[in-house]
Amino acid sequence: MDKRISRRTILKRGLQIPFGGSVFFGLAACGNDGSSSAMVCADLNMMTSAEESVRRTLKYTEISPHGSSKVCASCAFFNAPAQDGGCGSCEIFARKPVNPGGYCDSWSVDA
Ligand code: SF4
């Protein structure tokens, strides 16, 4: 029997593990000034501690440190926003909002 667990399985299970403490990167309420890179899509008040933990562990950020070469909008786990200029969502983060210009360590072109 093959006991290997994929990275994706570990990440999905990570969403189910409660994790204490909620102090992490400075994200607050949703907002949009018309620029996807300036939007804040992650509302900490709407997240469970487990969801916060996954974002922290994967180093989610609203603005990609890789410029436009690696952003949520080009990631295989990204779901496009319902309206242009809005927040998208991420399969890794239980389909919760992410910034199209954001990034995390799970960025991939191959889901
Ligand atoms: S996996 Fe990371 S880079 Fe990809 S859409 Fe989700 S938050 Fe963005």
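**Exercise 1. Confidence along the chain**

Over which residues does pLDDT stay under 50, and how many contacts beyond four places in sequence does the model have for them?

*Solution.* Residues are numbered from 1 along each chain as its sequence is written. This is a predicted model, in which local features need pLDDT of at least 70 and side-chain atom pairs count only at pLDDT 80 or more, while totals for chains, interfaces and linings use all residues. Begin with the term itself: pLDDT is the predictor's confidence in each residue, from 0 to 100. The value stays under 50 over residues 13-37, and for these residues the model has 46 contacts beyond four places in sequence, two residues being in contact if their C-beta atoms, placed from the backbone, lie within 7 Å. Where pLDDT is low, the predicted coordinates should not be read in detail. For the protein, the mean pLDDT is 77, and 65% of the residues reach 70 or more.

**Exercise 2. Helices, strands and the sheet**

Describe the elements of the protein in their order, and then work out how the strands are arranged.

*Solution.* Helices (H or I, at least four residues) and strands (E, at least two) are DSSP runs, numbered from the N terminus. The protein has two helices and three strands, and along the sequence they follow the pattern α-α-β-β-β. Among these elements, helix H1 (residues 7-14) has the lowest mean pLDDT, 50, whereas strand E1 (residues 78-79) has the highest, 98.

Next, consider pairing, for which DSSP must find at least two bridges between two strands. The three strands form an open sheet in the order E1-E2-E3, with antiparallel pairing. E1 and strand E3 (96-98) are the edge strands, since each pairs on one side only. Between E1 and strand E2 (residues 88-90), the antiparallel pairing runs over two bridges, and Phe78 stands opposite Cys90 in E2.

**Exercise 3. Buried residues and the core**

*Solution.* A residue is buried if 20 or more other C-beta atoms lie within 10 Å of its own, exposed if 12 or fewer, and partly exposed in between, with C-beta atoms placed from the backbone. Buried residues make up 30% of the 111 residues in the protein; in helix H2 (residues 49-57) they are Glu52, Ser53, Val54 and Arg55.

A nonpolar core is a set of buried Ala, Val, Leu, Ile, Met, Phe, Trp, Tyr and Cys residues joined through C-beta atoms within 7 Å. The largest one has 19 residues, and Cys41, Cys72, Phe78, Cys90 and Val98 have the most contacts inside it. Beyond four places in sequence, the contacts of Cys72 include Phe78, Cys90 and Val98.

Cys72 also belongs to the 14 residues that surround the ligand, where the closest are Cys72, Cys75, Cys90, Cys104 and Trp107; a residue is near a molecule if its C-beta atom, placed from the backbone, lies within 6 Å of it.
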